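Me: Please examine the structure below and answer a set of questions on its local geometry, charged pairs and pocket.

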Amino acid sequence: MKKGRWLLITFMAASVLFGAYYLWREEFPDPPKEVVQTEEEPIFMEGNTISESKDGKVVWEVTAQTMRGSKNSPEIILQNVRGVFYRPQGGTVVLTAPVGVYVPKEQTLRFTGDVKAVSSDGDTFVAKEMGWLAKEERIYGQGQAQLNRKESQVSGDRIESDRDFQKSKVIGNARYVKQ
């Protein structure tokens, strides 16, 4: 029986040691998993101006109450926009719109809402949507587009014009009224 007691005492001692180790052991938590953010933190600016220059002269400048975008976003969203387009022969065209989008890589601007552009000599251009095509240096308007000059009124689905409002092209439902 001495052998049986010895085994029982050894088993109990091993159980006590194992229990003590289990209760007082130092636990190391799993390393934190890397968190991958799928959304970029937005960039928000108030009262800023963006512009484009060509041959040392400012072609246009747009000021917005707010601008929103992100580091890798292809677009900048503009709210309460006022744009000034400088004419090659002198003078300006001032554009106002509730919303705009600027695409820096393409250097294009798009304005939506009830958009209105007024030239320094009194011509007006209104449409539901307007835009600036930098490569062609043209302003376009679509959606009930109307170009009013002192001598005429042109309307259509889409109107494209140069910065001077001198050369215009009407696409779809074109109407011309001489005044």
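**Backbone, charge pairs and pocket**

N80 is found in strand β3 (residues 76–86). The model is predicted.

Me: Is N80 buried, partly exposed or exposed?
Reply: N80 has a phi near 50°, a positive value in a residue other than glycine. Most residues other than glycine have a negative phi. Buried requires under 20% relative accessible area and exposed over 50%. The relative accessible area of N80 is 44%, so the residue is partly exposed.

Me: Which strand holds Q144?
Reply: Q144 has a positive phi, near 55°, although the residue is not glycine. Its relative accessibility is 62%, and Q144 therefore counts as exposed. The strand that contains Q144 covers residues 138–148 and is β7.

Me: How many residues lie between β8 and β9 in their hairpin?
Reply: Strand β8 (residues 152–162) and strand β9 (residues 168–171) run antiparallel and are joined by 4 bridges. Within this pairing, R158 stands opposite I171 in β9. In the turn, F165 has a positive phi of about 60°. The number of residues between the two strands is 5.

Me: How far apart in sequence are the parts tied together by D121 and R87?
Reply: The side chains of D121 and R87 meet in a salt bridge of 3.2 Å, N to O. D121 lies in the loop between β5 (108–119) and β6 (124–133), and R87 in the loop between β3 and β4 (92–103), so the pair ties together parts whose separation is 34 residues.

Me: Is R138 buried or exposed?
Reply: The side chains of E160 and R138 form a salt bridge at 3.7 Å, N to O. E160 lies in strand β8 and R138 in strand β7, so the pair ties together parts 22 residues apart in sequence. Salt bridges that share partners join R138, R158, E160 and K169 into one network. With a relative accessible area of 18%, which is under 20%, R138 is buried.

Me: Which strand gives the most to the lining of the largest pocket?
Reply: The largest pocket holds about 200 Å³ of space. Its lining includes K57, V58, V59, R87 and R163. The strand that gives the most, with 3 residues, spans residues 57–69 and is β2.

Me: What is the area of the nonpolar surface patch made by L8, F11 and M12?
Reply: M12 is found in helix α1 (residues 2–24). At 49% relative accessibility, M12 counts as partly exposed. Together with L8 and F11, M12 makes a nonpolar surface patch of about 340 Å².

Definitions and conventions. Residues are numbered from 1 along each chain as its sequence is written. This is a predicted model: local features need pLDDT of at least 70, side-chain atom pairs count only at pLDDT 80 or more; totals for chains, interfaces and linings use all residues. Side-chain values use heavy atoms; hydrogens and water are left out. Two strands pair if DSSP finds at least two bridges between them. Patches are made of residues with over 30% relative accessible area and no salt bridge: like charges are joined within 9 Å, nonpolar side chains (Val, Leu, Ile, Met, Phe, Trp, Tyr) within 5 Å. Accessible areas come from the Shrake-Rupley method with a 1.4 Å probe; for residues, only the protein chains shown count as cover. A salt bridge is a side-chain nitrogen of Lys or Arg within 4 Å of a carboxyl oxygen of Asp or Glu. Buried means under 20% relative accessible area, exposed over 50%, partly exposed in between (1.4 Å probe, protein chains only). On a 1 Å grid over the protein atoms alone, a cavity is a set of points where a 1.4 Å probe fits but cannot get out, and a pocket is an open set with protein on both sides within 12 Å along at least five of seven lines; lining residues have an atom within 4 Å of a point. Grid points are joined across faces, edges and corners, and a volume is the space filled by probe spheres set on the points.
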